[in-house]
Amino acid sequence: MNPETKGVNMFEVTPKALDEIKKYLKEQKHDAVVRITMSIGWGGPSLGLALDEPGKDDEVFDEKGTKFVIEKDIFSQAKPITVDFIDTPQGSGFKL
């Protein structure tokens, strides 16, 4: 792997987000990895999360035993990426 892409500032998962993801995976009894996705809409590109398996064109990150993958092309366009979990008056959810 390219050392630049493994830098601490290139991909980060906050402790709160990691706790929420681990809790979800345990409840679902699912051992898939978490994929960072990109979609293009009226507001421009946005990142999201999905469960998937790693592919040959993916960057793979291990965050305390939980694997995250993202296509190398998307990662090069979107980095640095921080996965966080926030609580607001409108509700709770992941923020990338």
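Me: Which element gives the most to the lining of the largest pocket?
Reply: In this predicted model, α1 does, with six residues. Helix α1 spans 15–28, and β3 (44–52) also supplies at least two lining residues.

Me: How much space lies in that pocket?
Reply: About 170 Å³.

Me: Switching to Thr-66. Is Thr-66 buried or exposed?
Reply: Thr-66 is buried, because its relative accessible area is 6%, and buried means under 20%. Thr-66 sits in strand β5, residues 66–71.

Me: What does Thr-66 touch?
Reply: Leaving aside residues up to four places away in sequence, its contacts are Leu-18, Ile-21, Lys-22, Leu-25, Val-34 and Phe-61.

Me: Now salt bridges. How many does a search of the whole structure find?
Reply: Five. One of them joins the side chains of Lys-16 and Asp-87, at 2.4 Å from N to O. Lys-16 is in helix α1 and Asp-87 in strand β6 (residues 81–88), 71 residues apart.

Me: Which residues are linked in a network of salt bridges?
Reply: Arg-35, Asp-52 and Asp-58. The side chains of Asp-52 and Arg-35 meet at 2.6 Å, N to O. Asp-52 lies in strand β3 and Arg-35 in strand β2, so this pair ties together parts 17 residues apart in sequence.

Me: And where does Asp-58 lie?
Reply: In strand β4, residues 58–63. Asp-58 forms a salt bridge with Arg-35, the closest N and O atoms being 2.6 Å apart. Both Asp-58 and Arg-35 are buried, whereas Asp-52 counts as partly exposed at 32% relative accessibility.

Notes
Residues are numbered from 1 along each chain as its sequence is written. This is a predicted model: local features need pLDDT of at least 70, side-chain atom pairs count only at pLDDT 80 or more; totals for chains, interfaces and linings use all residues. Side-chain values use heavy atoms; hydrogens and water are left out. On a 1 Å grid over the protein atoms alone, a cavity is a set of points where a 1.4 Å probe fits but cannot get out, and a pocket is an open set with protein on both sides within 12 Å along at least five of seven lines; lining residues have an atom within 4 Å of a point. Grid points are joined across faces, edges and corners, and a volume is the space filled by probe spheres set on the points. Helices (H or I, at least four residues) and strands (E, at least two) are DSSP runs, numbered from the N terminus. Buried means under 20% relative accessible area, exposed over 50%, partly exposed in between (1.4 Å probe, protein chains only). Contact means heavy atoms within 4.5 Å. A salt bridge is a side-chain nitrogen of Lys or Arg within 4 Å of a carboxyl oxygen of Asp or Glu.
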